Structures are given as C-alpha cells and as structure tokens.
Amino acid sequence: MPSPSQIRPEPLISSPITRRTVLKAGGTLLLSVFAPMSAMAAQILAVRVWPAEDYTRVTLENDSILKATHFIVKDPERLVVDIEGLELNPTLKGLVAKIQSNDPYIKQVRVGQNRPNVVRLVFDLKEEVTPQLFTLPPAGSYNHRLIFDLYPVREPDLIAQMIEKGDWSSDPAKPPMAGTHTPPPALPLPDSGKPPVAAVAPPVAPIMPPVPDIRPEQRPEARPLPGQKVVRMITIALDPGHGGEDPGAMGSRGSREKDVVLAIAKRLKTKLELQPNMRVMLTRDADFFVPLGMRVEKARKVQADLFVSIHADAFIQPTARGSSVFVLSEKGATSTAARWLANKENQADLIGGVNVKNHDKQLASVLLDLSTTAQINDSMKLGKAVLREIGGINRLHKGSVEQAGFAVLKAPDIPSILIETAFISNPEEEAKLTDNGYQDQMADAIVTGIKNYFAKNPPLAKSRLT
C-alpha cells in the first residue's frame with residue numbers, strides 16, 4: 001500500500017457539467033466529484049453599496065438567481081453571508097473598496113472562497129443590526145439582484161431627528177438672532193377667530209438636542225406667553241423621489257432624476273425652516289432608496305400637515321416640457337398622460353428593490369384605498385396654490401392640477417401633492433433642472449404656494465403625535 005505522498009493524481013478529466021479528479025491508489029479507482037465548473041457558476045456583474053442613517057444596502061447584481069444564508073456573530077458584531085453557486089471574481093472582490101469610512105453600520109467587509117462553489121462575506125459591524133436578505137428578479141436595466149439591507153436594531157425617533165437636525169426652535173417666545181430674516185405672519189389655530197399675530201423668527205443656534213427619552217405623545221405643543229396667540233409648529237414631509245438603486249428618469253446629458261430632486265428638496269427644506277413655525281422631515285436626505293409605502297409611513301409617524309413629493313418628469317419624446325402638479329384620484333386619472341406617469345412612478349418599488357415580505361405588510365396598512373374625499377379636496381387646494389406659483393418660473397405642462405392613482409399620495413389623513421418640476425428628458429429643461437438658480441426659484445415658488453395655502457387653510461390643532 002503506497003503512502004499518501006506516493007498517490008499521484010492523473011490528468012484532470014473535465015466535462016461541461018462537472019470536474020472529476022481521478023486518483024489511483026493501489027489499483028483502486030477513486031473518484032472525487034466536485035461542484036460545477038467555475039465557467040458554469042453564477043457571475044457577479046456589479047456590486048453597489050448605499051450607506052444611510054435609515055439603513056445600509058449592499059447589492060450584488062448577477063446573471064442568475066443566487067441562494068444565500070446568513071447568521072450573526074457576537075463580540076464583536078459580525079454578519080456572515082454564504083452565497084452558493086458562486087466563484088470569487090474581481091468584481092466581487094471590489095466590494096471591499098466600496099465600504100466607506102462614514103458608513104453608519106459597516107466597518108469593513110472581508111470576501112473569500114469559503115469552500116468550492118461557496119463564497120463567504122463577513123461584514124464587521126459598527127453596531128448591532130437587523131439584516132434582511134432577499135433576491136430581486138430582473139427589472140429596468142438591472143439583472144438579478146441579491147440584496148442585503150442592514151437596519152439598526154432600535155428604530156429611530158423621526159421627530160427627535162428633526163429636532164436634532166433643524167435650525168429652528170419650537171418656542172415662539174425666543175427672540176430672533178441678529179442677521180435673521182424678517183418673518184412672515186404666523187398662522188393662528190383655526191378656532192381663534194382673530195387676526196394672526198406676528199411671530200418672531202427662531203434662532204439659528206444652538207441646535208435643539210434630541211429628546212429620545214420623551215415619547216411622542218408626551219411632547220407638548222409650544223406654549224405661548226400670557227396673552228400671546230397659540231402658534232404651533234407645522235410639520236411638512238418632503239419626499240425626493242427615487243434614490244439608491246432607483247435613479248428615476250435620465251436626461252440626455254446624463255442627469256439623474258434622483259440627484260436633481262434631492263437637491264431641490266434640500267433647498268426647499270432650508271427655505272421652509274426659515275419660516276418661524278415650520279419644520280421639515282425629508283423621507284430621504286441622501287442617495288438611498290425608500291419604498292413607496294415607507295415614504296407615506298414616515299410622514300404619518302411625524303403626523304405631517306402636508307406631504308410634498310418632488311420629481312422630474314420624463315417622456316419618450318424629448319419635446320415634452322413643462323411643470324405639473326398632481327394629486328390622488330379615487331375615480332381614475334384625469335388624462336392618459338397622468339395615468340401613464342402614475343403607472344411609471346408606481347413601478348419605483350420594482351426598480352429600487354423592496355423586500356416583498358415587509359412590502360406586503362406596508363401595503364396592508366398604508367397603501368390600501370384609504371384615501372378620503374376630504375384629503376383629496378385639501379390636496380387640490382394645496383396643488384392649485386403651488387401650481388400657480390410654479391407657473392411664474394416655468395411653462396406649465398397643463399394649466400390645472402391633474403389627478404391619478406399615485407401610490408405615494410395615499411396617506412389618508414395628509415394633504416398630499418406630487419410636483420413634476422420639469423421634464424428631465426427635454427434637453428432645455430434638463431439644463432434648468434441642474435442649474436442652481438432654477439432650483440432656487442423652484443424652491444421659492446413652492447414655499448410661496450405652501451404659505452398661501454396655509455393662509456387660507458390654517459392647520460388644525462393636533463392633540464398627540466403618532
């Protein structure tokens with residue numbers, strides 16, 4: 001019987017399906033059958049990482065469906081992912097360099113061939129996370145995708161985040177700081193029956209600290225001084241469309257809708273929070289994807305008074321142009337174009353990528369037909385006020401507010417509008433959308449429209465935040 005060192009492997013015998021190594025030991029034929037050849041293994045086409053405070057998403061785009069298992073290792077926190085049917089390639093190795101130092105949840109990632117036909121990813125984490133792994137079928141310009149979403153274990157307090165990030169105060173008694181603008185009239189509660197009393201602007205600093213230990217329902221509204229009219233904070237949810245895996249519409253010069261609308265939304269947020277009694281929650285403040293139902297849910301969690309979704313239109317013909325404002329419809333779209341646009345925007349979850357298990361829960365609680373006639377009527381008033389102002393800086397695609405079944409407008413208790421700021425598919429309007437001056441004008445117009453709406457429709461008192 002020869003020793004192990006005397007066992008000589010014969011030349012490899014390969015087939016299109018399997019690779020077999022034949023060994024002879026003392027006249028005995030041994031067959032070792034391994035997994036399919038690497039040529040037949042799945043191929044990673046691209047890797048992408050989308051870090052954000054809400055969650056970090058890691059995307060592996062591949063040419064076939066991948067099967068993955070995962071588990072958490074403690075002390076220190078690590079997420080281990082094993083992907084079957086895969087051989088390590090340079091594209092997958094490139095994931096290591098895509099982890100940024102400012103990622104809220106991932107410290108670094110290690111990639112290796114754990115065993116034949118199985119690649120292992122080890123994510124060293126900065127804190128404890130709740131991972132969600134799921135696959136997506138081909139959609140838009142994407143092939144198959146394997147998604148890792150890393151959520152913080154503790155759900156963030158959206159109201160506390162607004163307070164922490166805002167350069168405003170909820171206390172109307174505080175005097176303005178030197179150099180602040182002259183504030184417009186504050187908005188009284190509707191049952192006051194008296195003219196509004198001018199309020200002072202909030203100080204820019206110091207920023208109010210977060211108050212995570214106080215439950216939302218325990219936070220009182222701002223208390224007026226004796227003899228001062230009650231003025232409460234107005235909360236506005238701004239929703240920059242698309243983001244992350246979903247770029248939205250693309251211009252001929254390479255401009256992406258998700259970038260343009262985020263820039264406009266940030267300008268709009270700054271201008272709204274210069275008002276003495278307004279605060280803003282952005283459904284996303286960076287380049288990451290937020291499912292349609294979650295956008296609505298975020299607005300409801302902060303009990304927003306308004307929901308304004310910002311987009312940049314596109315059409316198959318580059319000659320289409322103009323700005324538009326849309327509200328929800330219970331009975332169908334007001335035009336073929338409105339119906340086409342709503343269908344396109346409602347596909348965002350397919351492109352951006354939604355975990356179907358969680359998405360079903362959101363649909364059950366938020367995106368059912370919960371809209372009310374009162375909500376749509378208020379949305380129409382808001383839409384008309386904003387459309388009137390937008391018409392002063394850009395040609396209108398249609399001179400009236402249109403209606404269609406936009407999923408993102410289905411908050412049953414919040415007046416909601418969707419603004420198409422211009423056609424990014426039109427070269428002339430694409431240039432406008434990427435121009436700082438136009439973005440500033442668009443934000444100013446929306447602010448004026450919102451103020452005009454509230455001047456005629458003061459916000460109702462709210463007893464508690466949910």
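Q: In β13, which residue is the bridge partner of Ile-234?
A: Strands here are DSSP runs of E, at least two residues long, and helices are runs of H or I, at least four, numbered from the N terminus. In this predicted model, the partner of Ile-234 is Met-278 in β13. Local features need pLDDT of at least 70 and side-chain atom pairs 80 or more, while totals for chains, interfaces and linings use all residues. Residues are numbered from 1 along each chain as its sequence is written, and side-chain values use heavy atoms, without hydrogens or water.

Q: How many bridges join β12 to β13?
A: Two strands pair if DSSP finds at least two bridges between them. Five bridges join β12 (residues 234–240) to β13, and the two run parallel.

Q: In what order do the six strands form the open sheet?
A: The order is β13-β12-β14-β17-β15-β16, with mixed pairing. The edge strands, β13 (278–282) and β16 (402–404), each pair on one side only.

Q: Is Ser-309 buried or exposed?
A: Buried means under 20% relative accessible area, exposed over 50%, and partly exposed in between (1.4 Å probe, protein chains only). Ser-309 counts as buried because its relative accessibility is 0%. Ser-309 lies in strand β14 (residues 306–313).

Q: Which residues is Ser-309 in contact with, leaving aside neighbours within four places in sequence?
A: Contact means heavy atoms within 4.5 Å. Ser-309 touches Asp-239, Val-408, Ile-417, Leu-418 and Ile-419.

Q: Which strands of the sheet does helix α11 touch?
A: Axes are lines fitted to C-alpha atoms, for helices over the stretch in contact; angles run from 0 to 180 degrees between N-to-C directions. Helix α11 (residues 436–456) packs on the sheet and touches β12, β13, β14 and β17 (416–423). The direction of α11 makes about 150 degrees with that of β14.

Q: At what angle do α4 and α11 pack?
A: Angles under 35 degrees count as roughly parallel, over 145 as roughly antiparallel, 65 to 115 as roughly perpendicular, and the rest as oblique. Helix α4 (residues 257–272) packs against α11 at about 50 degrees, with axes 9 Å apart. Therefore α4 is oblique to α11. Among the residues making this contact are Val-260 and Ala-263 of α4 and Met-442 and Ala-443 of α11.

Q: How far apart are the axes of α9 and α11?
A: The axes of helix α9 (residues 373–390) and α11 are 8 Å apart, at an angle of about 140 degrees. These two helices are therefore oblique to each other. Residues of α9 that meet α11 include Asp-378, Leu-382 and Val-386.
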